[in-house]
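Subject: Structure handover

Hi,

Here is the structure I promised to pass on to you. Could you have a look at it alongside my notes below?

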Amino acid sequence: MSNHVSESDLLKMIKSIDSSSSPSNLQDEHGPELQDLQGAEHIEGWIRVDNNRILFGGSFQSGLRCVIAAEAPLQLTVNGKLVNGETKVGPNDIIDWQVKPGPLFEVRISEDQMEVSFRVISTERYGWKLRDHEPTQKIILKAQEDRTALVEKLRLSDVMKDLLKLNVTKNVNTPAIFTEIQNPSYTFIQIAHGINSIESMDARIEVFFQENIESILEEVNGAIDYRNHLKIPMAKKGDVIAKKHPAVPGTIGYNVFGQIIQPAPPRDITMVAKENIEITAEGEVIAQQSGRPRMTGAAVKYFDITKAHVVHGDVDIKTGNIVFSGDIIVYGNVTEGMIVESLGNVYVTGHVYQSQITATGSILIKGNVSGSYLYSGYFGVLFNRLYVHSKKLIELLYELLKAADILIHLITAKRKTFQYHQIIMTLLETKYREVRTIAKEIINSINSIQNLSSTELTELKEKLQLLTQPAQTLEIGTSNPIKTIIYHLEETFSMIERMQEIDACIDINTCHLTEMKSNGSTIIRGEGMLQSNVYAKGSIVFIEKDSVCRGCQLESEESISVSVAGGEIANETHMKAGKSVMLGRMIAGKIQVGKSSVDILEPISDVVVTEQSGRLVFTKTG
């Protein structure tokens with residue numbers, strides 16, 4: 001007969017254990033393990049832990065229950081439900097516990113997905129067992145590692161499987177992982193990395209000529225030469241004035257997942273040679289005649305050699321307004337009511353009185369400026385009369401053509417006949433009288449340009465006669481002649497825009513009641529300025545330590561540096577800067593840096609004002 005216990009016998013034993021209320025009975029059936037409970041048959045029900053088992057004893061009559069809880073990392077379940085905190089239990093409850101195993105290692109992938117790090121937490125995992133506990137009616141279960149029960153060991157294959165699940169495929173350093181498992185440092189080590197893409201290099205232009213104009217007084221034969229103190233950059237025929245370095249494409253990379261990282265494509269620069277310039281296949285820009293080299297434009301760079309118009313004396317009624325498609329040098333003053341317009345730089349050795357100077361390049365005035373308007377670079381374009389009038393006439397001619405189309409539609413609807421020149425003539429004499437006035441202004445502007453070599457401007461002047469001369473207006477049989485005028489106006493408009501020089505500056509001695517605008521910096525070298533308005537895309541700088549700025553409005557996209565600012569109430573100075581304001585002393589006024597501003601009511605001195613976290617910060621410099 002088999003000696004193996006039957007299932008029915010096993011069930012009987014279990015039933016006898018559950019139904020036994022006498023410790024002596026348990027002692028008889030299960031041996032000496034319960035000897036320590038002899039004499040406890042009359043106590044209330046209890047719970048204990050012995051040899052990794054949870055046992056109940058005593059009397060559980062009248063619904064008596066014990067209290068049980070678990071200490072982390074142990075997790076307790078009663079009747080299949082996870083218990084958090086304390087709960088009541090009895091002999092009929094099914095109590096189970098476990099310790100959720102933690103990882104043996106940790107893998108981290110960097111935010112940019114270019115690096116994988118690995119750390120050993122433990123090389124071995126052991127089982128857990130409950131700590132023994134004496135009989136009690138309230139118990140907290142505690143678990144400890146059973147160092148005799150090794151259940152898992154960290155292997156290289158475990159780490160490799162995890163990396164495979166994470167799709168880490170590139171540049172995995174398997175030997176480093178193996179070494180770390182064998183001799184763990186328990187710190188993160190790099191086990192895989194991507195390859196960074198190499199950034200593209202944009203095309204760039206290297207310029208070999210000095211772009212700034214200097215004013216240097218030199219002694220000649222024992223006397224100061226005041227006439228020739230302007231040192232204007234010059235090039236000789238055959239000089240290489242610039243060179244283009246071509247764009248260089250970058251190299252692709254990939255991250256730890258093997259995904260390709262494309263570098264941004266390089267940006268190229270288009271160079272255009274104007275008159276007297278040659279651009280070679282190697283990207284060298286060569287002067288074909290002597291003169292001042294110039295580079296204009298933003299996305300497209302235009303190179304030319306600028307000629308200069310020299311006025312030996314004052315610009316006044318005798319000379320008339322000076323308009324020139326290059327540099328203008330005035331060895332004298334610019335007197336009241338005169339206009340100087342340059343599609344280049346303007347240099348004045350004397351003073352400027354109640355005049356207007358516009359330049360698509362820079363403006364340098366050695367003397368003082370009073371009651372005048374100075375516009376350089378981008379603003380020299382905006383305030384150029386030919387530019388302004390061309391832009392306005394383009395708008396009016398588009399309106400004229402639209403009005404003509406409406407009239408033709410109305411006339412046709414009434415089954416009437418018409419001649420196109422009749423409609424244009426009627427519109428010019430009624431609703432669009434301004435067209436003829438502006439067209440004449442443009443013709444006068446073109447006529448005033450000295451040394452005119454532009455065939456486009458000559459053609460424009462001839463075409464505008466159709467609008468200014470009634471006899472020629474009668475020759476307009478369709479809209480095409482007007483569209484041709486618009487085309488030439490737009491070409492003129494674009495040509496003047498292309499003349500704008502980047503970082504064109506205004507450089508003066510002193511000024512009073514003057515407006516200045518520049519897309520570069522504005523420099524004041526003398527005693528300062530009074531009651532003037534200045535805008536500079538670059539910085540505004542007062543050079544002299546004792547120079548003053550009173551009753552002015554200064555605005556700079558960069559920084560403002562002033563020695564002495566403000567005065568009485570009528571002479572308060574308002575300064576607005578993008579980055580900082582540096583002050584030697586300020587009596588009264590307003591300062592704005594970025595979006596933050598403050599009224600200065602009491603004198604301050606030797607400070608730099610900047611904006612930090614939405615508020616102004618005053619830093620002492622002295």
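A contact, in everything that follows, means heavy atoms within 4.5 Å. Among contacts in the chain between residues at least 6 apart in sequence, those joining residues at least 24 apart make up 43%.

Some housekeeping before the details. This is a predicted model, in which local features need pLDDT of at least 70 and side-chain atom pairs count only at pLDDT 80 or more, while totals for chains, interfaces and linings use all residues. Residues are numbered from 1 along each chain as its sequence is written, and side-chain values use heavy atoms, with hydrogens and water left out.

**The chain as a whole**

The secondary structure comes to eleven helices and 52 strands. Both are DSSP runs numbered from the N terminus: helices are H or I with at least four residues, strands are E with at least two. Of the 622 residues in the chain, 42% are buried. I use "buried" for under 20% relative accessible area, "exposed" for over 50% and "partly exposed" for in between (1.4 Å probe, protein chains only). The chain exposes about 34100 Å², and carbon and sulfur atoms supply 49% of that area. The areas come from the Shrake-Rupley method with a 1.4 Å probe; for residues, only the protein chains shown count as cover.

**The helices**

Two packed helices are described by the angle between their axes and the distance between the axes. Here the axes are lines fitted to C-alpha atoms over the stretch in contact, and angles run from 0 to 180 degrees between N-to-C directions.

Let me start with helix α8 (residues 433-448) and helix α9 (residues 455-468), which pack at an angle of about 150° with their axes 9 Å apart. That angle makes α8 roughly antiparallel to α9 (under 35 degrees counts as roughly parallel, over 145 as roughly antiparallel, 65 to 115 as roughly perpendicular and the rest as oblique). The crossing of α8 past α9 is left-handed, meaning that the near helix is turned anticlockwise from the far one by less than a right angle; clockwise would be right-handed. On the α8 side the contact is made by V435, R436, A439, K440, I442, I443, I446 and N447, and on the α9 side by L457, L460, K461, L464, Q465, L467 and T468. The residues of this contact of α8 with α9 divide into nine nonpolar, three polar and three charged. In that count Ala, Val, Leu, Ile, Met, Phe, Trp, Tyr, Cys and Pro are nonpolar, Asp, Glu, Lys and Arg are charged, and the others, Gly among them, are polar.

α9 also packs against helix α11 (residues 480-498), at an angle of about 140° and with the axes 9 Å apart. α9 passes α11 in a left-handed crossing. From α9, the residues E456, L457, E459, L460, K463, L464, L466 and L467 meet P481, T484, I485, H488, L489, T492 and M495 of α11. The contact of α9 with α11 has nine nonpolar, three polar and three charged residues.

Helix α7 (residues 420-429) is mostly covered, with seven of its ten residues buried. These are Y420, H421, I423, I424, M425, L427 and L428. The buried residues of α7 pack against α6 (385-413), α8, α9, α10 (470-473) and α11.

**Backbone points to check**

A cis peptide bond joins A72 and P73, with omega about 10°. P73 sits in the loop between β3 (66-70) and β4 (74-78).

Which residues other than glycine have a positive phi? One of them is Q531, with phi near 45°; another is D606, at about 50°. Q531 is found in the loop between β41 (522-530) and β42 (533-536), and its relative accessible area of 39% makes Q531 partly exposed. D606 lies in strand β51 (residues 604-612) and is partly exposed too, at 33%.

- T358, in strand β34 (residues 356-359), is buried at 1% relative accessible area. Leaving out residues up to four places away in sequence, T358 touches V340, E341, S342, V346, Y375, G380, F383 and N384.
- T349 is in the loop between β32 (346-348) and β33 (352-353) and is buried at 18%. T349 and G332 are 17 residues apart along the chain, and their C-alpha atoms are separated by 5.7 Å.
- K366 is in the loop between β35 (363-365) and β36 (368-370) and is partly exposed at 35%. K366 and G350 are 16 residues apart in sequence and 5.9 Å apart in space, C-alpha to C-alpha.

Best wishes
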